[in-house]
Amino acid sequence: MFWTSQSVVKSEVPVFNVNFYLMGKEEVDQKITVQIGENIEYLNQEFEGRIKFRLNRLFMDPNHAYIPQLHEDFVNQSHSLVDELTRPIEITGGINVFLFETYSTNDGRSAMMGFTPVLSAYQSSYAANSPRFDRLFIAYPGLSDKSTLVHEMGHFFGLSHPWSLDAVSRSFMGLASEDELANNHMTYNANVNRFTTEQLDRMQHYA
């Protein structure tokens, strides 16, 4: 909060604890812990103070899988592999980011860097279903460019990929121009660097 000559004005910014789970790891990897800290800093930079993120706890767990396998498990609505790996160790009171290895798909041209199981249609159910709806899945290599976590956090707070929106919805989200589309965090382009004001408004509302 800050003071004025007339009154006390409260400025409330949602603050979220973020827990990282280093899956398939039994010893601390200094490089990964440094990258995690850098990713939290970048999250706070790109969310422009509308939502704040605080690194809370790091966990290591020897159990492992691969991001594409987990995504297939989710898409097929099985959830057995996802639940088997996450439910025994996940905690309430924060956003739980699970780090797993990945591998190349599509004849080696690309590798899945992350996914968010629950999207905007279920936002109103998050609190009642914590920690089951508090999960993000990121590949270890996705920590390097820092944009993967920002992208998946965008999904967590209600944003969609621009190409899944109709023209009216894109315009409503401030994504009417080619420049905005090319540089927006919710695309898959290499040099993404921003959210629109409208997207930040939407995410803060959900938060």
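The accessible surface of the chain comes to about 11,200 Å², and carbon and sulfur atoms hold 48% of that area; areas here follow the Shrake-Rupley method with a 1.4 Å probe, and for residues only the protein chains shown count as cover. Please keep in mind that this is a predicted model, in which local features need pLDDT of at least 70 and side-chain atom pairs count only at pLDDT 80 or more, while totals for chains, interfaces and linings use all residues. Residues are numbered from 1 along each chain as its sequence is written, and side-chain values use heavy atoms, with hydrogens and water left out.

Let us start with the chain as a whole. Of its 207 residues, 42% are buried, where buried means under 20% relative accessible area, exposed over 50%, and partly exposed in between (1.4 Å probe, protein chains only). The chain has seven helices and nine strands; these are DSSP runs numbered from the N terminus, with helices being H or I of at least four residues and strands E of at least two. Taking contacts (heavy atoms within 4.5 Å) between residues at least 6 apart in sequence, 70% join residues at least 24 apart.

Buried in H1 are Ile32, Gln35, Ile36, Asn39, Ile40, Tyr42, Leu43 and Glu46. They cover an arc of only 165° around the axis, which puts them on the same side of H1; the arc is that of the directions from the helix axis to the C-beta atoms. This buried set packs against strands E3 (15-23), E4 (52-61) and E5 (95-100), and against helices H4 (147-156) and H7 (197-206). On the face turned away, H1 carries the exposed residues Gln30, Glu41 and Gln45. At the start of H1, a side-chain oxygen of Asp29 reaches to within 3.0 Å of the backbone nitrogen of Lys31, and H1 is followed by Glu48, whose phi is positive, near 55°.

Leu43 of H1 has a relative accessible area of 0% and is therefore buried. Not counting residues up to four places away in sequence, Leu43 touches Phe53, Leu149, Val150 and Met153. The C-alpha atoms of Leu43 and Ser147 are 8.6 Å apart, although 104 residues separate the two along the chain.

Now for the aromatic rings. Rings of Phe, Tyr and Trp (its six-membered ring) pair if their centres lie within 6.5 Å, with planes under 30 degrees apart counted as stacked, over 60 as edge-to-face and the rest as tilted. By this rule the count comes to 14 aromatic pairs. Tyr21 and Phe59 are stacked, because their ring centres are 4.8 Å apart and their planes at 10°. Phe47 and Phe53 pair edge-to-face, with centres 5.0 Å apart and planes at 75°; both are buried. One aromatic cluster is formed by Tyr21, Phe59, Phe74, Phe98, Phe100, Phe115 and Phe137.

Finally, visit Asn96 in strand E5, which counts as buried at 0% relative accessibility. A polar contact of 3.0 Å joins the side chains of Asn96 and Asn19. Such a contact is a pair of N or O atoms within 3.5 Å; within protein, one must be able to donate a hydrogen and the other to accept it, and residues adjacent in sequence count only if both atoms are side-chain atoms.
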